[in-house]
Amino acid sequence: MNENLSSCPVCGKSGFSNFLETADYFLTNEPFSIQKCNDCGFKFVNPRPDIREIGRYYQSDEYISHDAEKAGLVTRLYKIARVFSIRTKFNIVNRYTSSGSILDIGCGTGEFLHYCNSKGYDVSGVEPNEKAGSFAQQVNGIPVTTALGKLDPLTCKFSCITMWHVLEHLHELNESLEQVKSLLLPGGVFIAAVPNSNSWDAAHYGKYWAAYDVPRHLYHFTESSVTILAKNHGFEIVKTVPQKLDAFYVSMLSEKYLTGKTNHVKAFFKGAWSNFMAGIATRGHSSQIFILSVKKT
Ligand SMILES: [Zn+2]
């Protein structure tokens, strides 16, 4: 079933305009509309598949695990990028919370948490995909629950909670943010990475921008919408950090959606240009990491 949002998930107002007609270029080719709130400018898929219906849009092994065994230079580069990405994420976590416990929401197969654990952190994960979650548990030794709501805030507290490209997938956006807040230890940090629909590559590729990724990405954040959302839930943004590799990855997929074929060289230059323009035109990078803390009252 589809569901219609009648109020903006960020500001609660009800006037929307049509922003973009796009399609699920990754899997089903079904068309979807992105609407924009007339009040705060937040963009979201509307109507959208409800929580029962959305499952079938994730039924691709490629989506669950980007590291499927394939031969070739791109796969090798991808693996190198993944190791680099795990270390970059860890360095960010470690900069804002140098010890303690990490909860990674949407932990997938658990490689990031496994690395954090090897550096002395206590780690836990939330992963709704059973296959990925049991891999994290059995191979990487991570305690994993299937839903955020299963963690009791009275007994479970974390010094750092991470969501690496997860927030844009959550039907219960506001409820999840409240749950995150209740699970944070005093002085803890919440780290959320999301695509930035204000980036140069988003404007350049338009409806073919791979990070629209409808209907899996229900929301299309910008720095401004994250700021409002954070404030609504009592968080403040401590720092915004770019995810520069994402500009290349997103451009690679977007080129494919736009032209029907892969062009790594062109995608490389588009990604590099997006990173360059992020600083010049204050658009921000293709993806950004927000470091949030609970605002002291
Ligand atoms: Zn709004």
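This is a predicted model: local features need pLDDT of at least 70, side-chain atom pairs count only at pLDDT 80 or more; totals for chains, interfaces and linings use all residues.
Four strands form an open sheet in the order S2-S3-S4-S11, and the pairing is antiparallel. At its edges are strand S2, residues 16–23, and strand S11, residues 219–220, each of which pairs on one side only. Strand S2 is joined to strand S3, residues 31–37, by 7 bridges, and the two run antiparallel. Within that pairing, alanine 23 has proline 31 of S3 as its bridge partner.

I turn now to helix H4, residues 130–138. Which residues of H4 are buried? They are Gly133, Phe135 and Ala136. These residues cover an arc of only 160° around the axis, and therefore lie on the same side of H4. The face turned away from that buried side carries exposed residues, namely Glu130, Lys131 and Gln138. The cover over the buried residues of H4 includes strand S7, residues 122–126, and strand S8, residues 144–145.

My last topic is strand S13, residues 287–294. This strand is mostly covered, with 6 of its 8 residues buried. Which strands are joined to S13 by bridges? Strand S10, residues 184–195, is joined to S13 by 7 bridges and runs antiparallel to it; here valine 194 stands opposite glutamine 288 of S13. Strand S12, residues 235–242, is also joined to S13 by 7 bridges, again antiparallel, and isoleucine 237 stands opposite leucine 292 of S13.

Conventions. Residues are numbered from 1 along each chain as its sequence is written. Two strands pair if DSSP finds at least two bridges between them. A residue is buried if 20 or more other C-beta atoms lie within 10 Å of its own, exposed if 12 or fewer, and partly exposed in between; C-beta atoms are placed from the backbone. The arc is that of the directions from the helix axis to the C-beta atoms. Two residues are in contact if their C-beta atoms, placed from the backbone, lie within 7 Å.
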